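Trainee: I am new to this structure. Please take a close look at one part for me, and then lead me on from there.

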Amino acid sequence: MESNNLSFDSDEQSSDVYEEKAFDAFMCPLTRQVMRDPITIESGQTFEREAILKWFKECRETGRKPTCPLTQIALNSTDLTPCISLRMAIEEWRKRRAERELEKARVSLTLISSEQNAVGALRQVINICQRNEANKDLVRNQGLIPMIVDMLRSSNRQVRLKALEVLRVISVENDDNKEPISEGDTIRTIIKFLSNEYFQERALAVSLLYELSTLEPLCEKIGAVYGAILILVGMASSKAENIVAIEHAESTLKNLEKCEANIKPMAENGRLMPLLKKLIEGTPEVQLSMIECLSELVLANDAKATVASKVGPILIKIMQTGTLQAREATLKALKEISSNEASSKALIEAGILPPLIKDLFSVGMHKFPMRLKELSASVLANMASSDAQLEAIEFEHNGRMVTLLSEDVVHSLLHLISNTGPAIECRLLQVLVGLTDSAASAKEVVAAVRSSGAIISLIQFIEAVHRDIRVAALKLLGNISSYMGQELSDAFGGSAGHLSSLMRIISDSNIITEEQTAAVKLLADLPEREAGLTRQLFNLGAFRTLAIKLSEIKNGVIFSNRHVTVFQEGIAHILCRITYGLSEPDYLNFAIQYDLGEVFLDLLQMTGQDNLQIACVTVLGNLSQESKDLTKVPEPPTVKCCRVFSKPAPVQGLCRVHHGFCSMRETFCLLQGRAVERLIACLDQQNEKVVEAALGALCTLLSDGLDIMEGVFVLYEAEGIRPILDVLVENRGNGITQKAVWVVERILRVEDIAREVAGDQSVGSALVEAFRTGDFRTRQIAERALKHVDKLPNFSSTYQQFQRA
């Protein structure tokens, strides 16, 4: 393929130093050029065929009779007689001339020649070859090709450019020259030019590579050069390259596709269509070869989706009907392809699930080899972990139509899990994890687990030797813990060994792993008020371990990673358990020793995660509930006789609400810990559980036995009155409403606030709604609140006034 814009020399004319004079008989009288196709006319004169035909045409167009251009004699005939002997003589002359010129060029191509002479010689070779296609063979026959190839290694850029151009010219439509050009490491050298910073060298190199690739035996040689296909793929998709270079790169890749050895590296570098085309159109032997290639590839997600949509049905058919070797290769390929949501959906639509389940559950004479069952389980696990809707697909099992969530199918999966090797166990556990990730399908799996009595068996997997099995088991137990919390709690509580295993996993490393996170999450999801389990955990030192872990995360001893948020949330919820039993002296001492109040206040200030905020606020509320019993109230000062009428001096440093000596560490006082403002900020959260927990914590400042008036002023000074009223008005749920009504009633005991709120119609309406629709306790409290803002008459007060009268 010739392209003028790939020439980088302005002077392409033959150099006089190589000129050899031609005989006069060789010259056309009209063109004054050496003839290529000499012919003789009626007058006996000889001309170049094209030149005399042009002369005759001009004669006809001007209305003249054809004449001889030299003699001007009119011609009766315009017949042309070829001069074969003259043409042969001219050709022989041309050949001798070209040989002499090429011999002179050889001298200038030696290493001792100057760079200028080398460029001139290369230019002359181009001219010689462009004069006559046959001269390309002369270049080869005179041994110039190795010398030109050596010029590719020149330190002079112009020499390299001209050498690339010469090689391209002599290879165009001349397969005999392509083989010697490609000898040694020439192709590797040419490919190196493709990464050159100069676009001219890249363009010429890729055009030369394209010409070489038109010879099929060289395609494998080009593809075998390390990085060649990747570089070509990059050029073909580049937006920075010359358009001609891009076209040549693409055309070269098209040629390389003809060689089967290049199919796999092309697929590895993003060009999957050649492989898929052969897989679709090939013989069973070719299909098997392509599937084996496909099974060894690591594909990007978009590539997986492409493969699934293009050849998914073919792969599924081979998986059902192919030889054992073909089925194994197909399942290996499907294992890779199915690990993506889009590709999983495509495979499901193509009908993969029924044959996959059939192979997995096969028994007897049609039993599937265990290594293939492992692959089937892997494919199923991949699809279950995606968002593909497997649950609705029906298939035949034991003579009736079922789904993956059918009880006997889950029973079969559980049976396989308990009676196969670690690899299949792991994959099938992952299948159940995927099915239970959805709340809707989790309930059906839980029902089957219950009916099969498999909970103890599943728990035992957390002690498995293989880490992946432990992780899958922990995730599965965590997913079903919302529905089987009590059963799990009883099972763990009945065996200290299982709890020990959980804690061993959690405390195993200073790097937060997926396994540790799954273990923490499972333990956090168990019923938090289960006193027996809390006691076992305490006796195992679990709370101490977890408190230390939190401290190490905060201080950077344990580095943060993608698991840290869930890990911290889990630890917070587990530590929350101990704050429900602070009446136990050892629990209380633990909370004081590890300064849980300050720990959770710090966490609350640092996090924006809802679940962690809920845990933090709940802990702070539980701790604060104990403050009134822990506060050390000073004894009244002894009054001496002489000072019986004097007022005792006030004790300094007492808490406004608890009227004693308070601290966050010793008495968990929210005021001393500066936690009130942070709790009030939580009232603006969208998550209702965060708001409810924050209200619960603030309630502890207004409890009976405390200085409620001072508690209200604390909220007022922290700008918390309005947010609390807003929560009441928003009516965000029964739990929140009950707490909000309780807090508002206490706030409204302050007359100044009550007078101000009385004019707020929205607050009055919210209290009326609570009075109208709330339970008995809420209605009582709402009634008192409405009396504070004069929305209801205070009959008890009126009755007392009547009695006094």
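Trainee: Which residues is C616 in contact with, leaving aside its neighbours within four places in sequence?

Mentor: C616 is in contact with F600, L603 and L604, once its neighbours within four places in sequence are left aside. Keep in mind that this is a predicted model. C616 sits in helix α33, which spans residues 610-625. Its relative accessible area is 0%. Buried means under 20%, so C616 is buried. Now look along the chain to H788. C616 and H788 are 172 residues apart in sequence. In space they are 33 Å apart, C-alpha to C-alpha.

Next, the nonpolar cores. In soluble globular proteins, nonpolar side chains tend to be buried together. Here the largest nonpolar core has 193 residues. L294, F492 and V676 have the most contacts inside it. Helix α25, residues 467-493, gives the largest share of this core, with 11 residues. Take L294 by itself. Leaving aside its neighbours within four places in sequence, L294 is in contact with L275, L279, L299, V307, L315, A333 and I337. There is also a second, separate core of 59 residues. It includes A121, M151, A203 and L204.

Turn to a covered helix. Zoom in on T186, which lies in α8. T186 has 3% relative accessibility and counts as buried. Not counting residues up to four places away in sequence, T186 touches V149, L152 and I181.

Now two helix pairs. Start with α37 (residues 688-699) and α40 (residues 734-747). Their axes come within 9 Å and cross at roughly 30°. Because of that angle, α37 is roughly parallel to α40. The crossing of α37 past α40 is left-handed. On the α37 side, the contact is made by E688, V691, E692, L695, G696 and C699. On the α40 side, it is made by G735, I736, K739, A740, W742 and V743. By class, this contact has 7 nonpolar, 2 polar and 3 charged residues.

The other pair is α22 (residues 422-436) and α23 (residues 439-452). Here the axes come within 7 Å and cross at roughly 130°. That angle makes α22 oblique to α23. L432, L435 and T436 of α22 meet S441, A442 and V445 of α23. The contact of α22 with α23 has 4 nonpolar residues, 2 polar and no charged.

Last, two backbone details. R32 has a phi near 60°, a positive value in a residue other than glycine. R32 lies in the segment before β1 (38-40). With a relative accessible area of 54%, R32 is exposed. F668 also has a positive phi, about 60°, although it is not a glycine. F668 is found in the loop between α35 (664-667) and α36 (676-682). At 1% relative accessibility, F668 counts as buried.

Note on methods: Residues numbered from 1 in each chain as written. Predicted model: local features only at pLDDT ≥ 70, side-chain atom pairs only at ≥ 80, totals over all residues. Heavy atoms only, no water. Core = buried A, V, L, I, M, F, W, Y, C linked by side-chain atoms within 4.5 Å. Buried < 20%, exposed > 50% of the residue type's maximum accessible area, 1.4 Å probe, protein only. Helix = DSSP H or I, 4+ residues; strand = E, 2+ residues; numbered from the N terminus. Contact = heavy atoms within 4.5 Å. Axes fitted to C-alpha atoms, helices over the stretch in contact; angles between N-to-C directions. Parallel < 35°, antiparallel > 145°, perpendicular 65-115°, else oblique. Left-handed = near helix turned anticlockwise from the far one by under 90°. Nonpolar A, V, L, I, M, F, W, Y, C, P; charged D, E, K, R; others polar.
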